[in-house]
Amino acid sequence: MDKILVDIKNLLSNLHLWIERWVVDFDSGEHQQAISFIFRLGLTAAIVVVQIILIKQTIRFAAFADSKMQKNIYKPNKSKLKKIPFFEKLEKSPLFEKFKPLNFLDKKHTVKAFSVVITIAKWLLIILQLFLTLPLILGLFEPTRGLASKIFGYILTPIKNFIFEFLNYIPNIFTIVIIIFIVRYFMKFLRFLSEQIKSEKIKLKGFFPEWAEPTFNILRVVIIAFTVALIYPYLPNAESDIFKGVSVLVGIIFSLGSSSVIGNVIAGLVMTYMRPFKIGDRIKINDITGFVVERSAMVTRIRTHKNEFVTLPNSMVLSTSVTNYNKSTMEEQSGLIVYICITMGYDVPWRTVHEVLKNAALKSENILKEPEPFINQIALNDFYCTYELNAYTKNVSILPRVYSEVYTNIQDGFAEKGISLYAPHFQVQKHVEDI
């Protein structure tokens, strides 16, 4: 900026000296320079007039093109583009049909987009005309010829430097393209291998199919980071202080603002390989019981039996004990044990209580007949005995209904035996946390 101010000051000084010298020459009878000056002024006026006409014509042509474009878009049947063989073949080509669903712009947005393009082109043409005209006018007069060359230099020098820098950068571009090409197809190979393992077409000993996708995601992040490290030295101005400063700033912001995020992501990865549950399992975390509907890198979402959706951070899930009811329904397991505790006075024979509880379990549709239900006497209190009914089920998805059926059958069983449920020391202890 200081250099430009100095150039303008020198220009004004030279212009003042030139005018004084021209006045002296005119008074001494040397009229040739005066005529030449008047001619240059007339030529300058002609150039300005032509320039104004060209700018007006450019604006009119842009408005005409915008109007024509709108008519062709809103009346596509009358468009002359379809009569051109190239556009007819393009419209019928498979490539056009393939990308046709991606055309999310309606006519209004298309018109607006084309209008913006036409406006940008109009102003670029006007700027180009001024760029060519201004140095031409300044070059007609001796005091301003140096300024004309400097204006050209201010504009052309950055363009020339950019072109030379781009030509020198072409080898680095080829290097980056080759690295990205190799990494891309290596990632495709890993994706194919992951899908094969996930579908169990390829089996690896000790490697579970549900590990395939998270392992691929981990490898993808590592490979992308390694690729960025390889490409970094080939980026333009990679060694500049500004580039390094921005990189450090981004790293600090990421490290300060993502500590909890990183913790949840790491917890999600650990749980993936621990395999405590999967999508659809009925689990219990603290006092929340429900079905796993989503397990992402950061959170686990559970839908309760009341159709409530609970979102839990993975770091909290990892630090809490998780009860998985579906593990008991696997083929090698007998099933989940449904247990209900009741107390009954000593005046009721224990064999009768055992019979009622066992029959109540067997009458329930969702209780397995094999293994048979069994009863444990877990306490002999002062006035009553505590009985525990244990029965097997594999319908853990409707566990509240299973408990409800058993409770109903217990009531019917004691009623059939004539045992009053209003006995002073009779009570049913409902395990709410298991329902």
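In which sense do strand β7 and strand β8 pair, and over how many bridges? Strand β7 (residues 374–380) and strand β8 (residues 384–393) pair in the antiparallel sense, and six bridges hold the pairing. This is a predicted model, in which local features need pLDDT of at least 70 and side-chain atom pairs count only at pLDDT 80 or more, while totals for chains, interfaces and linings use all residues. Residues are numbered from 1 along each chain as its sequence is written, and side-chain values use heavy atoms, with hydrogens and water left out.

**Strands and sheets**

- Helices (H or I, at least four residues) and strands (E, at least two) are DSSP runs numbered from the N terminus, and two strands pair if DSSP finds at least two bridges between them.
- Between β7 and β8 there is a hairpin that joins the two strands through three residues, and within this pairing F374 stands opposite N390 in β8.
- Strand β2 (residues 288–295) and strand β3 (residues 299–304) run antiparallel and are joined by five bridges, and G290 has T304 in β3 as its bridge partner.

**Aromatic rings**

- Rings of Phe, Tyr and Trp (its six-membered ring) pair if their centres lie within 6.5 Å, with planes under 30 degrees apart counting as stacked, over 60 as edge-to-face and the rest as tilted; a search of the whole structure finds three such aromatic pairs.
- One of these is the tilted pair of F181 and Y185, with 4.8 Å from centre to centre and 55 degrees between the planes; because F181 and Y185 are four residues apart in helix α6 (residues 142–198), about one helical turn separates them.
- The rings of Y403 and Y407 also form a tilted pair, since their centres are 6.4 Å apart and their planes stand at 35 degrees; these two residues, four apart in helix α12 (residues 399–416), are likewise separated by about one helical turn.
- R282 lies over the face of Y325, at 4.6 Å from the ring centre, by the rule that NZ of Lys or CZ of Arg must be within 6 Å of the ring centre and within 35 degrees of the ring normal.

**Buried and partly exposed residues**

- Buried means under 20% relative accessible area, exposed over 50%, and partly exposed in between (1.4 Å probe, protein chains only); both Y403 and Y407 are buried, whereas Y185 is partly exposed at 43%.
- H354, found in helix α11 (residues 350–362), counts as buried because its relative accessibility is 18%.
- Leaving aside neighbours within four places in sequence, H354 is in contact (heavy atoms within 4.5 Å) with I375, Q377 and Y387.
- L134 is found in helix α5 (residues 107–138) and counts as partly exposed at 44% relative accessibility; its C-alpha atom is separated by 9.3 Å from that of V48, 86 residues apart along the chain.

**Cysteines**

- When a disulfide is taken as a pair of cysteine sulfur atoms within 2.5 Å, the count comes to zero disulfides.
- C341 is buried, with a relative accessible area of 4%, and C385 is buried as well, with a value of 2%.
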